[in-house]
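Take a walk through this protein model, one stop at a time. Keep the sequence beside you as you read.

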Amino acid sequence: MDRQPRFPHLRQDFAASLVVFLVALPLCVGVAVASGVPAELGLITGIVGGLVTGMMRGSSLQVSGPAAGLTVLVFEAVRTFGLPALGVIVLATGLFQLAMGALKLGRWFRAISVSVVEGMLAGIGLVIIAGQLYAAAGMEAPASGLGKIAGLPEVVAEAAASTAALTSLAIGAGTIVVLVLWKQMPKRVQAVPGALAAVALATLASLAYDAPVATVEVQGLLGAVQPPNPDTFAELANVSVLGTVLAFTLIASAESLFSAAAVDRLHDGPRTEYDRELMAQGAGNTVSGLLGALPMTAVIVRSSANVQAGAKTKASRVLHGVWLLLFAALVPFVLALIPLPALAGILVHAGWKLIPLHTIAPLWRQHRGEALILVVTAVAIVAVNMFEGVLIGLALSVVKTAWQASHIKLVVVDRGTGPVQARLSGYATFLRLPKILDSLEALPQDRPVELNLSGLHHLDHACRTALENWAARHSSAGTEPVRLTELSAA
């Protein structure tokens, strides 16, 4: 009898892990630098995402690590509370995620309006693009989202008068051009991930021409690790810090679980177990927090690369964490060669991909309320901040749902002969009962009436009882009783 190999898909997973490693490497470094923390912290989060989260059950092919979607929030947290507080914030985020997963709240994140999530990502993308344009020019960006956007004309004017700034911008722009055109290259060339190729080419060009641009600062893997000391835990008594923890938890969890749903559509393997995936993300963030590193989420770019590279099991994402660890431990000096404007170009491209331009117009034509929520959420994040912008989006989503839940339409068709046909559609709740009854009582009592309820999405007990009572007493003597067409789900 033939024995089944212990790791039947090792070849596919090994090959996929190398692809994911090459995709993850420049993104880990770029997200860290854009977040205002040492580059090694991005690698540490990527390593934890592979070795800790990657080992756990949840979504077998989803890959976790530092994400562009949290860059703005991390930058604000580090600027406001300092780098030592970051570990405590990420640790608390992980513990919250573990608790929510244990309480089986993971599936509820799927109930968050897609428009809120897309608006959140669009707002983040706009802030990332604006901020990284400053970095591409070698300049310091203003703190606020509006300040970043308002100051862009001044950046252009200053850059035009500076050879160093123009050189820096050229490297950043060249990086973006490579990323955009990489998909047009032959398939064999595309075996090298576009982000890695763009950074490598930018680095080679910078070295070849001895370009006067800033490069990544390197302090070593162990030197970057900053475990929270007992004094920093007192920061959790600060309401602002707790608000940041809640923002991290909400955004990281929502982004991870929405990514899981997207990854499930890319393969035919086991489906995501949402509560287990939330606990896996929580475990990863807990360890990242203990190491003083960045928060992690599941990242759709790495995850889709994993699937497309032929991964079959979670071994591929674990191995990608091993490759990141070996790189950070053995050749960290390579990071010091990477020009910062190249990483800025990577983040500008990533920020652009966060903006759902291809969905806004169709959404406006079909669901204007959802389109409005998306746009308002994005604008609020740019104009105010991340946390409050998301809260505004969620509040609008609740208001829209409440409005829909109280919206009902009565259409009456009276051809002069035969029965009067009335059709109710929408949500029939006690809130709209007076209006419904006023309209129905205005129908002629000496004519047969057919009341069609099949268009209702919801019919509560109060409305059902009132409609049945109206039907029983409406018709005058000698007139055929009101005929009710029942709600199909009732």
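Start at L43. Setting aside neighbours within four places in sequence, L43 is in contact with L25, C28, V29, L324, F327, A328 and L335. Bear in mind that this is a predicted model. L43 belongs to the largest nonpolar core, which has 84 residues. Within that core, L43, L86 and M120 touch the most other members. There is also a second, separate core. That one has 21 residues, including L424, L443, V449 and A466.

Now turn to a pair of helices. Two packed helices are described by the angle between their axes and the distance between the axes. Helix 1 covers residues 10-34, and helix 14 covers residues 315-330. They pack at an angle of about 50°, and their axes are 8 Å apart. Helix 1 is therefore oblique to helix 14. The crossing of helix 1 past helix 14 is right-handed. Which residues of helix 1 and helix 14 meet? Helix 1 brings D13, F14, A16, S17, L18, V20, F21, A24, L25 and C28. Helix 14 brings A315, S316, L319, H320, W323, L324 and F327. Sorted by kind, the residues of this contact are 13 nonpolar, three polar and one charged.

A second pair sits further along the chain. Helix 16 (residues 357-366) and helix 17 (residues 368-383) have axes that come within 6 Å. Those axes cross at roughly 140°, so helix 16 is oblique to helix 17. On the helix 16 side, the contact is made by I360, L363, W364 and Q366. On the helix 17 side, it is made by R368, E370, A371 and L374. This contact divides into five nonpolar residues, one polar and two charged.

Next, find T244 in helix 11, which spans residues 239-264. Is T244 buried or exposed? Its relative accessible area is 12%, so T244 is buried. Not counting residues up to four places away in sequence, T244 touches A77, F81 and I89.

Finish in the loops. Most residues other than glycine have a negative phi. K104 is not a glycine, yet its phi is positive, at about 60°. K104 lies in the loop between helix 4 (83-102) and helix 5 (114-136). With a relative accessible area of 52%, K104 is exposed. D210 also has a positive phi, near 50°, and is a residue other than glycine. Look for D210 in the loop between helix 9 (194-208) and helix 10 (221-224). D210 has a relative accessible area of 66%, so D210 is exposed.

Technical notes
Residues numbered from 1 in each chain as written. Predicted model: local features only at pLDDT ≥ 70, side-chain atom pairs only at ≥ 80, totals over all residues. Heavy atoms only, no water. Core = buried A, V, L, I, M, F, W, Y, C linked by side-chain atoms within 4.5 Å. Buried < 20%, exposed > 50% of the residue type's maximum accessible area, 1.4 Å probe, protein only. Contact = heavy atoms within 4.5 Å. Axes fitted to C-alpha atoms, helices over the stretch in contact; angles between N-to-C directions. Helix = DSSP H or I, 4+ residues; strand = E, 2+ residues; numbered from the N terminus. Parallel < 35°, antiparallel > 145°, perpendicular 65-115°, else oblique. Left-handed = near helix turned anticlockwise from the far one by under 90°. Nonpolar A, V, L, I, M, F, W, Y, C, P; charged D, E, K, R; others polar.
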